[in-house]
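Please keep the sequence and the structure in view while reading.

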Amino acid sequence: MNDKLEVQTKLVDLLVQYDGSLPYGTRKRFAKEYNISANTLKQWLVDIRHGPRDGSRDWSIIIIKLLGGCCAMCGAPDRLHIHHITPLAEGGPHGFENLQILCKPCHRLQHAILRKRQYAAWLNSLLRNPQ
């Protein structure tokens, strides 16, 4: 684990401890203790809540930890993926509120269910509007 990732992980631990919102004084002490700028800390907090702008894979580990570190469906602690509850293609946000942690088998199952729903919606639209 690199130094940046270790610091980001400690930040997530603090967020969990404070239920997702760090008091100003705590932010200031954290930035000073880990020698990071206030702007960097602010950007990390935005990335945690809304998804990283640079597509950084480091945040996957942090988001998984923040969301409990196990599959939301079966509780498995490994082979974890980040799943968008409302797909990005359907206008779902990339933010924290639209993310769910799933193990690989449950993630596949969720996407199979989604494909069936999309197919059913397409079929219903054809039946309602025959050409």
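Leaving out residues up to four places away in sequence, threonine 26 touches Leu14 and Tyr18. Threonine 26 has its place in helix α2, and with a relative accessible area of 9% it is buried. The model in which these contacts are seen is a predicted one, and every value below was computed from it.

**Overall architecture**

The secondary structure of the protein comes to five helices and two strands, and reading along the sequence gives the pattern α-α-α-α-β-β-α. Of its 131 residues, 33% count as buried, while the accessible surface of the protein comes to about 8800 Å², with 54% of that area belonging to carbon and sulfur atoms. When contacts between residues at least 6 apart in sequence are considered, 53% of them join residues at least 24 apart.

In soluble globular proteins, nonpolar side chains tend to be buried together. In this model, the largest nonpolar core holds 15 residues, of which Leu11, Leu22, Phe30, Ile36, Leu41 and Leu45 touch the most other members. Each of the helices α1 (3–17), α2 (24–33), α3 (38–50) and α4 (58–66) supplies at least two residues of this core, and the largest share, six residues, comes from α1. There is also a second, separate core of eight residues, and among its members are Cys71, Ala76, Leu80 and Cys106.

Alanine 76, one of the residues of that second core, is placed in the loop between α4 and β1 and counts as buried at 18% relative accessibility. Leaving aside its neighbours within four places in sequence, alanine 76 is in contact with Cys70, Cys71 and Cys103. The C-alpha atoms of alanine 76 and lysine 104 are separated by 9.5 Å, although the two residues lie 28 residues apart along the chain.

**Cysteines without disulfides**

How many disulfides does a search of the whole structure find? The search finds zero, and two of the cysteines illustrate the point. The closest cysteine sulfur to that of cysteine 71 is in cysteine 106, at 3.7 Å, which is too far for a bond. For cysteine 74 the closest cysteine sulfur is in cysteine 103, at 3.6 Å, and this separation is likewise too far for a bond. The reasoning rests on a cut-off, because a pair of cysteine sulfur atoms has to be within 2.5 Å to be called a disulfide. Cysteine 71 is also a buried residue, with a relative accessible area of 3%.

**Exposed residues and backbone angles**

Phi of asparagine 35 is near 55°, a positive value in a residue other than glycine, and asparagine 35 lies in the loop between α2 and α3. Arginine 79 likewise has a positive phi, of about 55°, although it is not a glycine, and its place is in the loop between α4 and β1 (80–84).

| Residue | Relative accessibility | Class |
|---|---|---|
| Asparagine 35 | 71% | exposed |
| Arginine 79 | 53% | exposed |
| Arginine 108 | 57% | exposed |

**A nonpolar surface patch**

Which residues make the nonpolar surface patch of about 520 Å²? The patch is made by Tyr119, Trp122, Leu123, Leu126 and Leu127. Of these, tryptophan 122 is found in helix α5 (residues 104–128), and at 47% relative accessibility it counts as partly exposed.

Methods. Residues numbered from 1 in each chain as written. Predicted model: local features only at pLDDT ≥ 70, side-chain atom pairs only at ≥ 80, totals over all residues. Heavy atoms only, no water. Patch = residues over 30% accessible without salt bridge, like charges linked within 9 Å, V, L, I, M, F, W, Y side chains within 5 Å. Areas by Shrake-Rupley, 256 points an atom, 1.4 Å probe, with all protein chains shown as cover. Salt bridge = Lys/Arg side-chain N within 4 Å of Asp/Glu carboxyl O. Helix = DSSP H or I, 4+ residues; strand = E, 2+ residues; numbered from the N terminus. Buried < 20%, exposed > 50% of the residue type's maximum accessible area, 1.4 Å probe, protein only. Core = buried A, V, L, I, M, F, W, Y, C linked by side-chain atoms within 4.5 Å. Contact = heavy atoms within 4.5 Å.
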